[in-house]
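Please examine the sequence and the three-dimensional model shown below.

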Amino acid sequence: MKTETADILIIGAGPAGSVAAGLLRKQGRDVLVLEREQFPRFSIGESLLPQSMEYIEEAGFLQDVVQAGFQYKNGAAFERAGRYTDFDFRDKFSPGWGTTYQVQRARFDEILAKAAEKKGATVRFRHEVLTVDFSSGQPVVTARSPEGETYQVKARFLLDASGFGRVLPRMLNLETPSNFPVRGAIFTHVVDNVPLGTFDRNKIRVTTHPEHVHVWYWTIPFSDGRCSLGVVAKKEFLDQYTGTDTERLQAIVKEAPSLQNLLKDAVWDTPARKLTGYAANVKSLWGPGFALLGNAGEFLDPVFSSGVTIAFKSASLASACIAREFAGEKVDWENDYAKPLKAGVDTFRTFVESWYEGGFQDIIFHPNPSEDVRRMISAILAGYAWDKNNPYVADSKRRLTVLEALCAA
């Protein structure tokens, strides 16, 4: 069997893998990326957060993304039972980017992968990882090419950015159940035909079901007159509806009058898809010779569009640790990678849990909000969940609990 070598082998060319490749190429590393699919390929998760722009810039991909012509995004809008509120991410507590883009992930992911190639990374599409062996003291990966040829790669370090494929968690028995209820999503892309002036296309729109606080819809506008549309709910709720996935989604949209009215002229030209039980967790985010990036490690929930930002953050943290390790320093991967990454994930988790319980919804729809608190919340919604200067990051659970009680009073 043919054997190759690489400094870093990355499994997956999605956002985490491509940004990690760009960052590692800036260090001068020999980077090989193996991607099972052929790009462009469909992926859900189209609404970026402004914090993600920092990592796109850090990897050297900013020009590639800016020139792609994606839909500009400056905030998030929320609607529940006729009440509307929005957040402008430029008006936030934390410093940094306040704008970003809403992207068709097929194009976006391909742009990032090509940018990584331009930086000197080798990216191979339709190459599947079959086995991983750490017995020699360094990762040895067996892969298969599109032509069916098997070969081995010996790497100094292995990064798993395989997303929901979760290659290493499956192979190394790292998977552990998420503590979130089993939820599902039904989604599609439509020609929205929303009249000009009736919809702020610069913001993602999140609509809560009028009767069920735990059911919500996303509407993510694109620059070409289309939008991503989906609903998220517990599996039991979604299972009540029959027919094709498109018919099920249309039926649930009809239960939200404001959304139904917004999309009354939409053209449903793409069959809907579904995803169930997406929340995931692992026993550890790292081990000798490897680390898990993004969704390969943990995925919470799509409600605040945090997935890509967490993926980028993990790529940045892991790349910094690799730089130190390759320079001869001893790296404590738990304290230097896993704990810093989890700190921001746990901030998002606190707000996600409060959203589904209804408390955070009461906060954002409060008729007389504190502007200072709104700016702190805006920063978290913009992705700055690692900014410990923000009181709602440093002490998120206690402060959110207090705020919920004040809003309920």
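The following paragraphs describe the overall fold and then its local features.

The structure is a predicted model, in which local features need pLDDT of at least 70 and side-chain atom pairs count only at pLDDT 80 or more, while totals for chains, interfaces and linings use all residues. Residues are numbered from 1 along each chain as its sequence is written, and side-chain values use heavy atoms, with hydrogens and water left out.

The chain contains 14 helices and 19 strands; helices (H or I, at least four residues) and strands (E, at least two) are DSSP runs, numbered from the N terminus. Along its principal axes, the C-alpha trace spans about 65 × 45 × 40 Å. The radius of gyration of the chain is 21 Å, which agrees with the value near 22 Å that a compact globule of 409 residues would have. That radius is taken over C-alpha atoms, and the globule rule is 2.2 Å times the number of residues to the power 0.38.

Of the 409 residues, 58% are buried. Here buried means under 20% relative accessible area, exposed means over 50%, and partly exposed lies in between (1.4 Å probe, protein chains only). Among contacts with a separation of 6 or more, 72% come from residues 24 or more positions apart, a contact being heavy atoms within 4.5 Å. The accessible surface amounts to about 16500 Å², and carbon and sulfur atoms contribute 48% of it; accessible areas come from the Shrake-Rupley method with a 1.4 Å probe, and for residues only the protein chains shown count as cover. There are 48 positive and 50 negative side chains, and the centres of the two sets are 1 Å apart. In this count Lys and Arg are positive and Asp and Glu negative, whereas His and the chain ends are not counted; the place of a charge is NZ of Lys, CZ of Arg, CG of Asp or CD of Glu.

An unreviewed UniProt entry places the feature "domain: FAD-binding" at residues 6–175. UniProt positions are given in the numbering used here, feature names are shortened, and annotations may be inferred rather than shown by experiment. Over residues 6–175 the chain is 26% helix and 33% strand, with the end C-alpha atoms 27 Å apart.

Several local features fall within this range of the sequence. Phenylalanine 39 and proline 40 are joined by a cis peptide bond with omega of about -5 degrees, and proline 40 is located in the loop between β2 (31–35) and α2. Helix α2 itself covers residues 51–58, where Gln51, Ser52, Met53, Tyr55 and Ile56 are buried. These buried residues pack against α1 (15–26), α3 (62–66), β6 (100–102), α4 (105–118) and α9 (307–326). After α2 comes glycine 60, with a positive phi near 85 degrees.

Most residues other than glycine have a negative phi, and most peptide bonds are trans. Alanine 81 has a positive phi of about 50 degrees although it is not a glycine; this residue occupies the loop between β4 and β5 and counts as exposed at 56% relative accessibility. Arginine 166 likewise has a positive phi, near 45 degrees, but is buried, with a relative accessible area of 5%. Its loop connects β10 (150–160) and α5 (167–171).

Histidine 127 lies in the loop between β7 (122–125) and β8 (128–133). Because its relative accessibility is 12%, histidine 127 counts as buried. Leaving aside residues up to four places away in sequence, histidine 127 touches Leu34, Glu35, Arg36, Arg144, Ser145, Pro146 and Tyr151.

Eight of the eleven residues of α12 are buried, so α12 is largely enclosed by the rest of the structure. The buried residues of α12 pack against β4 (75–80), β5 (83–88), α10 (333–357), α11, α13 (391–394) and α14 (396–408). Glycine 383, which follows α12, has a positive phi near 105 degrees.

Helix α14 contains lysine 397, which is exposed, with a relative accessible area of 52%. Lysine 397 touches Thr350 and Glu353, not counting residues up to four places away in sequence. Lysine 397 and arginine 349 are 48 residues apart in sequence and 9.5 Å apart in space, C-alpha to C-alpha.
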